[in-house]
Amino acid sequence: MQFPFFRSTFLSLLCVPAATIASAANWADSMFPVKTHDFGAVAVAAKTEFVFPIQNNSGRDVHISNVRASCGCTTPILSEQWIKAGQKGDLTARFNTGSFRGKKGATLTVVIDRPVYAEVQLRVDGYIRQDMVLNPGSVEFGKVTTGEPVERRVAIAYAGRSDWQITGVESPLPFIETQVVEKTRSGQRVDYELVVRMSADAPVGFINNELVVTTNDRSMPRVPVQMGGEVEAALSLAPQTFAIGSLKAGEDFAQRLIVRSSNPFKITKIECAGFEVDFTPTDEAKAAHIVNVRLVAQGNAGDVKSDLIVYTDAGDELTATSTVTGKIIDK
């Protein structure tokens, strides 16, 4: 019996050019601009992670079905399985320093099943030294309000050479200061305390950096210590940007704003260059306000990009800014 449909389908699959398969592999490979990372020498229990960025420039949505690790020393953590066309994602490689020792490495195989099947291999390596332990494993500031100094401490325990010393700490950020205090020393055991201070002038934004502890160990003189946190504005405004479209002079645009702070406040004034701003000032001090604002176009014809500034009863120490974009057109 003949099965012409299945026969033709089978033959068409056989005729798929090898170049097409290679092209799919190259396309998937290009989604990962960084494919290797060396953690260097890290301490026991140190939080040790690296984020591989993912960029989908394929023009099609991509689905990552799973990520395999060749060694239990590394745990892959995928931010999301679907990476939309033109969007970004990330894959975090977590080095399991609490469970493994010595020279370790892993190949992470990223399996893509849509729009076509492909595999991409990433690589991490490092050395988990067993003579040095951090507690906690990283410097975590958490969420901090700008203008508030913060201090964190990490205990560093070493067992090995009797003359081992910490000689300094390198910080990549000007608003981070460090101090190392030797607490105890007995035979081949020494305990230090690493004091990390964030100054009040730290800018708003995320902190994801490394301190480097330097020692007199010639074979492994540098030990990274991860540092993370987020500095939040004392006053936050949402949305941080909004578009008014095209307005004629005298026409208005309505926008709802959400203004928050850690402490109660009153909104006293809202200004935006090129617009008359109409809103109702608040009589009650609250930590969060929902404000309906009406912007009336006043400026000359042309593109608009203006700062909308919210003022409070705390003066210039507590203001927030949003960006207004759009266009003023002739009547």
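**A friendly note on charged pairs and overall form**

1. Glu-182 is partly exposed, with a relative accessible area of 39% (buried means under 20%, exposed over 50% and partly exposed in between, using a 1.4 Å probe and protein chains only). Its side chain meets that of Arg-185 in a salt bridge of 3.0 Å, N to O; the term stands for a side-chain nitrogen of Lys or Arg within 4 Å of a carboxyl oxygen of Asp or Glu. Arg-185 is also partly exposed, at 31%.

2. Before reading on, please note that this is a predicted model, where local features need pLDDT of at least 70, side-chain atom pairs count only at pLDDT 80 or more, and totals for chains, interfaces and linings use all residues. Residues are numbered from 1 along each chain as its sequence is written, and side-chain values use heavy atoms, leaving out hydrogens and water.

3. Across the whole structure there are 19 salt bridges. One of them joins Arg-153 and Glu-193 at 2.7 Å, N to O. Arg-153 sits in strand β10 (residues 150-159) and Glu-193 in strand β13 (residues 189-198), so this pair ties together parts that are 40 residues apart in sequence. Strands are DSSP runs of E with at least two residues, helices runs of H or I with at least four, both numbered from the N terminus.

4. Another salt bridge links Asp-163 with Arg-161 (3.0 Å, N to O). Asp-163 is partly exposed at 43%, and Arg-161 is partly exposed at 33%.

5. As for the whole chain, 38% of its 331 residues count as buried. The C-alpha trace spans about 85 × 70 × 30 Å along its principal axes.
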